[in-house]
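Hello,

Here is the structure I promised to pass on to you. Please open it next to this email, and then read on for what turned up in it.

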Amino acid sequence: MIQRVQNLYLLTILILNIVYKALSNQLLENYTIFIQISSVDKYMILTCILSFISLIYYKRRNIQLLFNNINVYFQLLSLLFLIFNQYKFSLAHVLVMITIVLILFANRGIRRDEDLINSIDRLR
């Protein structure tokens, strides 16, 4: 499962989002007693869930592509939300852009695998 490059991209997305969420909660813990989940955090949690589901479906490449495309749309919504609500450039902006690029790389790898398998099936 992990030997495929696109799964490494998806695992990297999952780890980056979990680390960012853990660090942001740790930083906010000093200033507030009750930590509320913002819209950006909801998108990041959703990204983690979609990346994990896509990682689990490594044998079903069409479903993996579907979940990755949904994930890209949520990341674009998250980026738009960040741009319109925050005036300063933050780590969240960078994380969302890196996540979008990694998802696109994963999609490219999945499509290459699918094309390779389809070309082998044609030879039979």
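R61 is buried, as its relative accessible area is 16%. Buried stands for under 20% relative accessible area, exposed for over 50%, and partly exposed for what lies in between, using a 1.4 Å probe and protein chains only. Before going further, please keep in mind that this is a predicted model, where local features need pLDDT of at least 70 and side-chain atom pairs count only at pLDDT 80 or more, while totals for chains, interfaces and linings use all residues. Residues are numbered from 1 along each chain as its sequence is written, and side-chain values use heavy atoms, with hydrogens and water left out.

What does R61 meet in a salt bridge? Its partner is the side chain of E114, at 2.8 Å from N to O. A salt bridge here is a side-chain nitrogen of Lys or Arg within 4 Å of a carboxyl oxygen of Asp or Glu. Because R61 lies in helix α3 and E114 in helix α4, the pair ties together parts that are 53 residues apart in sequence. E114 counts as buried too, at 18% relative accessibility. A search of the whole structure finds one salt bridge.

Now to helix α3 itself. Helices are DSSP runs (H or I, at least four residues), numbered from the N terminus. The 25 residues of α3 should span 36 Å at 1.5 Å a residue, and its end C-alpha atoms are 36 Å apart, which agrees. The expected span is 1.5 Å times one less than the number of residues in the helix. Among the buried residues of α3 are R61, F67, L79 and L82.

L79 and L82 also belong to the largest nonpolar core, which has eight residues in all: the others are Y20, M44, A92, L95, V96 and I100. A nonpolar core is a set of buried Ala, Val, Leu, Ile, Met, Phe, Trp, Tyr and Cys residues joined through side-chain atoms within 4.5 Å. The elements giving two or more residues to this core are α3 and α4, and α4 brings the largest share, four residues.

How many aromatic pairs does the structure hold? There are two. Rings of Phe, Tyr and Trp (its six-membered ring) pair if their centres lie within 6.5 Å; planes under 30 degrees apart count as stacked, over 60 as edge-to-face and the rest as tilted. The rings of Y9 and F105 have centres 5.7 Å apart and planes at 40 degrees, so this pair is tilted. It links distant parts of the chain, with Y9 in helix α1 (residues 5-29) and F105 in helix α4, 96 residues apart. Y9 is partly exposed at 24% relative accessibility, and F105 is partly exposed at 35%.

The pair of Y57 and F67 is stacked, with 6.1 Å from centre to centre and 10 degrees between the planes. Y57 sits in the loop between α2 (39-56) and α3 (61-85), and F67 in helix α3, ten residues apart. The C-alpha atoms of these two residues are separated by 9.5 Å. Is each of them buried or partly exposed? Y57 is partly exposed at 30% relative accessibility, whereas F67 is buried at 18%.

Finally, a look at I98, which has its place in helix α4 (residues 91-123). I98 is partly exposed, with a relative accessible area of 38%.

Enjoy exploring, and write back with any questions!
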